[in-house]
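This report describes one part of a structure for a reader new to it. Please have the sequence and the 3D view open while reading.

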Amino acid sequence: MTFSSTTNRHLTLNTNAKMPTIGLGTWNAAKDKVGEAVRYAIEEAGYRHLDCATVYENEKEIGESLANIFKGGELGREEIFITSKLWNTEHAKENVVKACRQTLRDLKLDYLDLYLMHFGIAIIPGKGSWEPLDENGYVITEKIPLWETWQAMEELVRMGLVKAIGVANFTAPMLLDLLSYAKINPAVNQIELHPYLQQEALVQFCQYKNIAVTAYSPLGTPGGLGEKDPILLKDKTIGEIAQKHQKSPAHILLRWAIQRNTIVIPKSTTPARIKENISIFDFELSEEEVETIKTLDRKHRFVNPEDWWKIPYF
Ligand code: A2P
């Protein structure tokens with residue numbers, strides 16, 4: 001995995017595809033706002049990468065917007081890198097292709113650039129919920145090994161439905177296991193990353209194995225916070241560095257992400273912020289600033305499935 005330009009606008013994946021280092025996140029993007037956000041991001045702010053998932057329940061709205069964009073004729077499908085994710089209830093091999101085809105229908109696409117296994121955990125389908133709980137509050141899992149799901153995902157590449165496959169929320173032991181049988185290695189591991197949860201060893205391990213890393217919740221997911229969560233965008237040190245560069249705290253967080261060779265997918269449905277978030281290629285954090293940001297790590301997870309599934313996943 002190498003930078004394809006000095007401005008770090010793309011990373012080259014282990015498939016040789018180029019993945020833009022900044023993409024628009026769509027988790028928690030409301031159905032009535034996401035279509036316009038996608039249009040604005042692509043047509044006006046210059047985004048060339050969208051991060052989606054079935055479980056975000058907004059792929060139909062994104063698909064409408066994409067169809068309009070491509071109908072306009074100025075941008076070809078191949079100019080936008082589009083990711084989606086297989087939800088945990090669809091891990092059975094016969095469900096993987098169905099779920100992928102549904103996402104393609106919803107997004108109105110004939111292929112995805114990247115399809116990720118959203119979590120390395122299989123949840124029982126057909127209970128009317130993405131994450132049904134038992135009477136003790138534990139999510140109801142299903143006995144499907146990860147290799148079965150991965151092999152089915154490999155089949156999607158062979159079928160031409162997806163250009164690359166990868167994982168999300170995988171730990172190093174999970175990756176090592178996957179690499180022991182994968183015929184197609186994961187191109188990406190998408191994990192929560194920001195200065196309060198730096199996961200340096202995991203990032204380095206993935207990069208060593210030629211698996212690109214995408215950082216989710218790079219701004220600390222403001223607005224979706226639990227009451228006790230710290231507010232990363234208001235961090236004093238980040239604020240001071242921002243002031244020095246005449247940039248916003250969001251700029252510092254996103255620039256930090258791309259300087260550590262990760263891909264970053266800030267979510268916003270606010271046009272001014274969508275534009276703000278991609279303006280990170282005109283300045284650089286110094287080595288000293290990067291060292292200072294290192295000291296902010298407090299291993300704080302904003303997104304912890306243990307809170308909803310009662311399973312100590314990480
Ligand atoms: P909104 O969508 O209303 O603009 P993350 O990507 O870490 O999950 O963060 C997403 C959250 O951060 C959303 O609530 C989004 O709000 C907000 N946000 C996105 N960009 C910025 C920004 N540049 N400054 C402040 N908040 C932002």
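## Strand pairing

Two strands count as paired if DSSP finds at least two bridges between them. The model described here is predicted.

Strand β6, residues 114-117, and strand β7 are paired in the parallel sense, with three bridges between them. Within this pair, Met117 lies opposite Val167 of β7. To get from β6 to β7 the chain passes through helix α4, residues 146-158, in a right-handed β-α-β crossover.

## The next strand

Strand β7 is also paired with strand β8, residues 188-192, again in the parallel sense and over two bridges. Here Ala168 has Gln190 of β8 as its bridge partner. Helix α5, residues 172-181, links β7 to β8, and this β-α-β crossover is right-handed.

## The two faces of β7

In a regular strand, side chains alternate between the two faces of the sheet. Strand β7 covers residues 165-168. Are its faces covered or open, and which residues lie on each? Both are covered: one side holds Ile165 and Val167, the other Gly166 and Ala168, and all four of these residues are buried.

## Asp134 in the loop

The loop between β6 and α4 contains Asp134.

Asp134 and Trp309 are 175 residues apart along the chain, and their C-alpha atoms are separated by 9.7 Å.

Conventions:
Residues numbered from 1 in each chain as written. Predicted model: local features only at pLDDT ≥ 70, side-chain atom pairs only at ≥ 80, totals over all residues. Heavy atoms only, no water. Buried < 20%, exposed > 50% of the residue type's maximum accessible area, 1.4 Å probe, protein only. Helix = DSSP H or I, 4+ residues; strand = E, 2+ residues; numbered from the N terminus. Right-handed = clockwise from strand over helix to strand, strands pointing away.
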